[in-house]
Amino acid sequence: SPLKEIRVAMALAPREPLALFLALLAACASAQDHCQCEICGVPGGRKSMVNGHPIDPNPAPGEPRPYPPKDDLHVRNDTKVHMLISAFRDPRCGQTIANAFLRARHPDRIYAGIVQQNLHDKDEFDCIAVYCELMKKEGHETCPYLNHLEIVRVDAKESKGPIWARAIGAVMVRPHHDFCMQVDAHVDFMQHYDDALMKMWAMTENEYGVLSTYVGNVKQDLSKSGHVLIGHPHYEIPFICKTIVGGHGVVRNSQATAAYCLPRPHLSFTWAAGWSFAKCHFERVVPNDPYLEGMFDGEEFSRMLRLWTHGYDVYTPHRPVVFHDYTHF
């Protein structure tokens, strides 16, 4: 199938940004019934667009280029990916951890630090315990990768908001962690997402690149086997273009619009708290601020200001990878 041709080409391509991009274009060209983008060589195909406006995805001659990757961590299979998860009375946390290991091509490189905020006298679920039960249902006799998990358990009555909890999670970023991914406690991933994220990050050609955007709905955008169901044939992806003034005069992200037919991750306007992926020096240099207690509006834009003034750039990924469960409990 066209999808299979594209996946095979990406898997076999040398893990260099240009080679990967050319392999993807070749696969698209052989699958014109699936892709209807100009980048796929489709005559009259849709141009690369952001927020309804055509863009040129290629850098202009003489345009300043970002600082390139300092090492080869993005092409190695033993690179360690650390997830930062903050869960507030969320019974889906254990499922998210299980998804991360089950969907990864190389699960032995996945790590997680969890800040669990439960009501000790009411909430009977525990993130790690649920994860272990789910993995046993998948055929594991014991609880695998338990030494890859760290958890801080906090009484929800003592919680001081999402930024405060995420800041606690940053303490669990260890020196041996290479890439860090902040996600909500109720997400799922496309199959072999770890490889896909490494390739996407490499395509930014930026040591200080951060992949981030609002993510799609797991109930309708991802199959049970981990295959992406959304975006075709124009590879639509959420793109955050604007900010608004929210409660109490605080600047916050506006609702995402859409980008189409992007050949690679594209520079974005701001950062999304629900999902981001970068080298772990990002979490060490620009950690969440533990003193922003009780803040929700303004969380994302305030961190964007800090990361940008520390030399980081945010990119919207050109393909969906992570998916959110928007069901309310």
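Accessible areas come from the Shrake-Rupley method with a 1.4 Å probe, and for residues only the protein chains shown count as cover.

**View A. Overview of the predicted model.** The accessible surface of the protein comes to about 15200 Å², and carbon and sulfur atoms account for 56% of that area. This is a predicted model, in which local features need pLDDT of at least 70 and side-chain atom pairs count only at pLDDT 80 or more, whereas totals for chains, interfaces and linings use all residues. Residues are numbered from 1 along each chain as its sequence is written, and side-chain values use heavy atoms, with hydrogens and water left out. The protein contains nine helices and 17 strands (DSSP runs numbered from the N terminus: H or I of at least four residues for helices, E of at least two for strands).

View B. The mean pLDDT (the predictor's confidence in each residue, from 0 to 100) is 89 for the protein, and 89% of residues reach 70 or more. Residues 1–17 stay under 50, and the model gives this stretch 35 contacts beyond four places in sequence. Over residues 21–33 the pLDDT is likewise below 50, with 26 contacts beyond near neighbours in sequence.

**View C. Helix α5 and its cover.** Helix α5 spans residues 162–170 and is mostly covered, seven of its nine residues being buried. These buried residues are Ile163, Trp164, Ala165, Arg166, Ala167, Gly169 and Ala170. Their cover includes the strands β3 (81–88), β4 (110–118), β5 (149–155) and β6 (179–184), together with helix α9 (299–309).

View D. The protein has five disulfides (pairs of cysteine sulfur atoms within 2.5 Å). With bonded cysteines counted along the chain, their pattern is 1-3, 2-9, 4-5, 6-7, 8-10. In the pair shown, cysteine 37 is joined to cysteine 261 with an S to S distance of 2.1 Å. The torsion about this S-S bond is about -75 degrees, so the disulfide is left-handed. Cysteine 37 lies in the loop between α2 (17–29) and β1 (49–50), and cysteine 261 in the loop between β13 (257–260) and β14 (266–267), so the bond ties together parts that are 224 residues apart in sequence. Both cysteine 37 and cysteine 261 are buried.

**View E. Two further disulfides.** Cysteine 132 is joined to cysteine 143, S to S 2.0 Å. This link is left-handed, with -75 degrees about the S-S bond. Cysteine 132 belongs to helix α4 (residues 127–137) and cysteine 143 to the loop between α4 and β5, so the pair ties together parts that are eleven residues apart in sequence. Both cysteine 132 and cysteine 143 are buried. The sulfur atoms of cysteine 180 and cysteine 280 are 2.1 Å apart and form another disulfide. The torsion about that S-S bond is about 100 degrees, so the link is right-handed. Distant parts of the chain are linked here: cysteine 180 is in strand β6 and cysteine 280 in the loop between β15 (275–279) and α8 (281–285), 100 residues apart. Cysteine 180 and cysteine 280 are buried.

**View F. Aromatic pairs.** The protein has eight aromatic pairs (rings of Phe, Tyr and Trp, the last by its six-membered ring, with centres within 6.5 Å; planes under 30 degrees apart are stacked, over 60 edge-to-face and the rest tilted). Phenylalanine 101 and tyrosine 131 form a tilted pair, 5.7 Å centre to centre with 45 degrees between the planes. Phenylalanine 101 is in helix α3 (residues 93–103) and tyrosine 131 in helix α4, so placed 30 residues apart in the chain. Phenylalanine 101 and tyrosine 131 are buried. The ring centres of phenylalanine 189 and tyrosine 193 lie 4.5 Å apart with planes at 25 degrees, so this pair is stacked. Both phenylalanine 189 and tyrosine 193 are buried. Elsewhere, ring pairs link Tyr67, Tyr208, Phe282 and Tyr312 into a cluster.

**View G. The surroundings of valine 321.** Valine 321 is placed in the loop between β16 (313–316) and β17 (322–324). At 3% relative accessibility, valine 321 counts as buried. Beyond residues up to four places away in sequence, valine 321 touches Asp188, Phe189, Met190, Tyr193, Leu197 and Met200. The C-alpha atoms of valine 321 and glutamine 191 are separated by 8.6 Å, although the two residues are 130 apart along the chain.

Terms used: Contact means heavy atoms within 4.5 Å. Buried means under 20% relative accessible area, exposed over 50%, partly exposed in between (1.4 Å probe, protein chains only).
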